[in-house]
Amino acid sequence: MTVNEIKPVAFGDILVGPGQPVYVIGEIGINHNGDVEIAKQLMDVAAEAGAQAVKFQKRNPDVAVPEDQKSKPRSTPWGEMTYLEYKFRVEFEDAEYTEIDAYAKEKGLQWFASPWDIDSVNFLEKFDAVVYKIASASVTDLELLKAVAATGKPVILSTGMSTLEQIDVAVKTLGTENLTLMHATSTYPLPPEEANLLAIPALRERYGVPVGYSGHELGTSISLAAVALGANTLERHITLSQDMWGSDQKASMEPEEFKTLVEQVRVVEVALGDGKKRVMPGEESKIESLRVVK
């Protein structure tokens, strides 16, 4: 299937796919550290940079945290606690997501989340999510994939830590009608030699759906190369400061860098053009003066 034959997918009122602007997602994840005001500040960062969406993570820690991890001690800014207590401490519930939903509308942003369990799918349905994101860690959780598919909403499937055979099964489970894939490598931070960006056109050819890129590298160059290779979506973690406490902060982009990235993405997507080789308007006046005619 050629790029031109791939149908865009509607995320609410935004079309995502070939021929459309790159759909840029500011991945907030749990970089809010359980504070809705920090989440709002990160939403400000995304909106001011020109991203179309922000993404969170949603878990029921009782279900999502492995049993052997629940009682492990964890040092946190709020004191020593078990890993399970920590996961509850940074989890948003109805009140916080109600604020986030209202604030996103105010800022003109879409928001969605990666559900890590079926309880979280049911929770997010209350907010009429425009799209669901399947995290790389959940590619093989077929019961979760079936629950997400049953909502009828568009799905973004991240493909880190996954073989083609595992992706095949996930795609078959979800269906391709409203599916967008994201190439990803789940190394934090991502070294260039593990980026494997040529997987973007390979995934597009194999599955015939829009393909994007979820990046965990430092800097902007790899993400821009992903856009040049045809990534229709681009997701990067954002933070107010890499010095903040939290496991994802060091591999996240601070506000000015994220803004620069979005600006550069818009330049690259214009520069890609339509692929039809021809004389450009700026060249026409140079033909007579520069071209040697024999």
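Which element gives the most to the lining of the largest pocket?

1. The model is predicted. In it, α4 is the element that gives the most to the lining of the largest pocket, with 3 residues. The elements that each supply at least two lining residues are β4 (53-58), α4 (83-89) and β12 (233-237).

2. The largest pocket has a volume of about 570 Å³. Its lining consists of 29 residues. Those that lie nearest the centre of this pocket are Q57, R59, W116, A137 and Y188. By class, the lining divides into 12 nonpolar, 9 polar and 8 charged residues.

3. The second largest pocket comes to about 480 Å³ in volume and is lined by 18 residues. Nearest its centre lie P18, G19, E269, L272 and G273. Here the lining has 8 nonpolar, 7 polar and 3 charged residues.

4. H216 sits in the loop between β11 (211-215) and α10 (221-228). Is the residue buried or exposed? H216 has a relative accessible area of 4%, and because the cut-off for buried is under 20%, H216 counts as buried.

5. Leaving aside residues up to four places away in sequence, H216 touches T185, S186, T187, Y188, P189, L190, H237 and A251. With one of these, Y188, there is a polar contact between side chains, at 3.3 Å. Y188 is also among the residues that lie nearest the centre of the largest pocket. As a distance along the fold, the C-alpha atoms of H216 and V24 are separated by 14 Å, the two residues being 192 residues apart along the chain.

6. Q110 belongs to strand β7 (residues 110-115). Its relative accessibility is 10%; since buried means under 20%, Q110 is likewise placed in the buried class.

7. Which residues does Q110 touch, not counting those up to four places away in sequence? They are F11, G12, D13, I14, Y23, Q52, A53, V54 and V130. For F11, the backbone oxygen lies 2.7 Å from a polar atom of the Q110 side chain. Two other residues touched by Q110, A53 and V54, fall within the range of β4 (53-58), one of the elements that supply at least two residues of the lining of the largest pocket.

Note on methods. Residues are numbered from 1 along each chain as its sequence is written. This is a predicted model: local features need pLDDT of at least 70, side-chain atom pairs count only at pLDDT 80 or more; totals for chains, interfaces and linings use all residues. Side-chain values use heavy atoms; hydrogens and water are left out. On a 1 Å grid over the protein atoms alone, a cavity is a set of points where a 1.4 Å probe fits but cannot get out, and a pocket is an open set with protein on both sides within 12 Å along at least five of seven lines; lining residues have an atom within 4 Å of a point. Grid points are joined across faces, edges and corners, and a volume is the space filled by probe spheres set on the points. Helices (H or I, at least four residues) and strands (E, at least two) are DSSP runs, numbered from the N terminus. Ala, Val, Leu, Ile, Met, Phe, Trp, Tyr, Cys and Pro count as nonpolar, Asp, Glu, Lys and Arg as charged, and the others, Gly among them, as polar. Buried means under 20% relative accessible area, exposed over 50%, partly exposed in between (1.4 Å probe, protein chains only). Contact means heavy atoms within 4.5 Å. A polar contact is a pair of N or O atoms within 3.5 Å; within protein, one must be able to donate a hydrogen and the other to accept it, and residues adjacent in sequence count only if both atoms are side-chain atoms.
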